Amino acid sequence: MTTFQAFRIHNDAHGYRGGIETMHTDALSAGEVLVKVAYSSVNYKDALAGTGKGKILRQYPLNGGIDAAGVVAASADALFKEGDKVLCTGSSLSETRDGGYGQYIRLPSQWAIPLPDALSLRESMILGTAGFTAALALLRMQDNGQTPALGPIAVSGASGGVGMLAIDIFTRAGYDVHAISGKAAHFDFLRSLGAVECIDRHQWAVSGKPMDSARFGGALDNVGGAMLAGLLPLITPYGNVAICGNAGGIGLESTVMPFIIRGVSLLGIASAGTARAIRGRVWHHLASDWKPRHLDRIATREITLAQLPEVFEHMLAGESFGRTIVRMDHV
């Protein structure tokens, strides 16, 4: 039994609250692999969970954090041994089991992913759920016939963590990326990541027609709502639109025309519950041919557990930029 610090979330007679607590490893959620956590990351979902402004946790109390990377401290599964480096994203962390905002985490062995040799623990958490989501989208698009020859890929919400990493990942994979963002002040940075064109969301007008001139070979949409409806009529025949976010709303007012005239495919990207075999494919690409070239630039902030509440508020207010990683060697 080891004592450690964690950012733990409660919802009881005393209200919804999260903060640093001392706990013991024997109080962690069940699992075969005990991991000493080196890094986690901050995602929008973490901010919702940590503040109670979104219904993320399905039981309480739990440690927050949907991502974790560290070193195996003990294992009841022969596939892992003490000293192995592993990572985990999604997989019910901070939903039904303790997450990565603790100096230790216990994982079911089926969700512990061996860290690829070409990635450091820190790099894996700069990627985290955001990078995994972007790469999963590319994998699904390519499995469905997407190629650079179909034309450029539009990335909406390009100034967010998923968007920035998507620019870098898709560019590494040979695609031209057109970044769509409402934050024009960040356009030079997005170009430095590989975007060949930046489009101001506030000045981007669509015709509203069921079909329009094809402009993009495909798209990764982090926004949903009117953005997704506007993108669909602009996709070239047999291009794919991957949807992974709903910052612009959960509704979709569109027509069947892009689908039945151009054969456009709309692909849902649900990263949290991705099967292990697919996770392995995604992380193989992220450590090799799709590894972003600008991870250190995208990681704009490195914090401790004590700084999480401040970062949550900034993120929910739309003031965050780039990826924030959480270092566990100091609380």
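**Note on the strands, helices and ring pairs**

1. Start in strand 10, where Val177 is the bridge partner of Ile153. Strand 9 (residues 153–156) and strand 10 (residues 177–181) run parallel and are joined by 4 bridges. Two strands pair if DSSP finds at least two bridges between them. Strands (E, at least two residues) and helices (H or I, at least four) are DSSP runs, numbered from the N terminus.

2. A word on the source. This is a predicted model, in which local features need pLDDT of at least 70 and side-chain atom pairs count only at pLDDT 80 or more, while totals for chains, interfaces and linings use all residues. Residues are numbered from 1 along each chain as its sequence is written, and side-chain values use heavy atoms, with hydrogens and water left out.

3. Six strands form an open sheet with parallel pairing, in the order 11-10-9-12-13-14. Strand 11 (197–200) and strand 14 (265–268) are the edge strands, each pairing on one side only. From one strand to the next, the twist averages 20 degrees. Axes are lines fitted to C-alpha atoms, for helices over the stretch in contact, and angles run from 0 to 180 degrees between N-to-C directions.

4. Two helices lie across strands of this sheet. Helix 2 (residues 121–143) lies across strand 9, strand 12 (216–221), strand 13 (235–243) and strand 14, and runs at about 145 degrees to strand 12. Helix 3 (residues 161–172) lies across strands 9, 10 and 12, at about 170 degrees to strand 10. Contact means heavy atoms within 4.5 Å.

5. Now strand 1. Strand 1 pairs with strand 2 (residues 15–24) in the antiparallel sense, over 10 bridges. A hairpin joins the two through 2 residues. Glu21 in strand 2 stands opposite Ala6. Strand 1 also runs antiparallel to strand 4 (residues 62–63), with 2 bridges. There, Arg8 has Asn63 as its bridge partner.

6. Last, the rings. The whole structure holds 8 aromatic pairs. Phe7 and Tyr101 form an edge-to-face pair, because their ring centres are 6.4 Å apart and their planes stand at 85 degrees. The pair links distant parts of the chain, 94 residues apart: Phe7 is in strand 1 (residues 3–12), Tyr101 in the loop between strand 6 (85–89) and strand 7 (104–107). Rings of Phe, Tyr and Trp (its six-membered ring) pair if their centres lie within 6.5 Å; planes under 30 degrees apart count as stacked, over 60 as edge-to-face and the rest as tilted.
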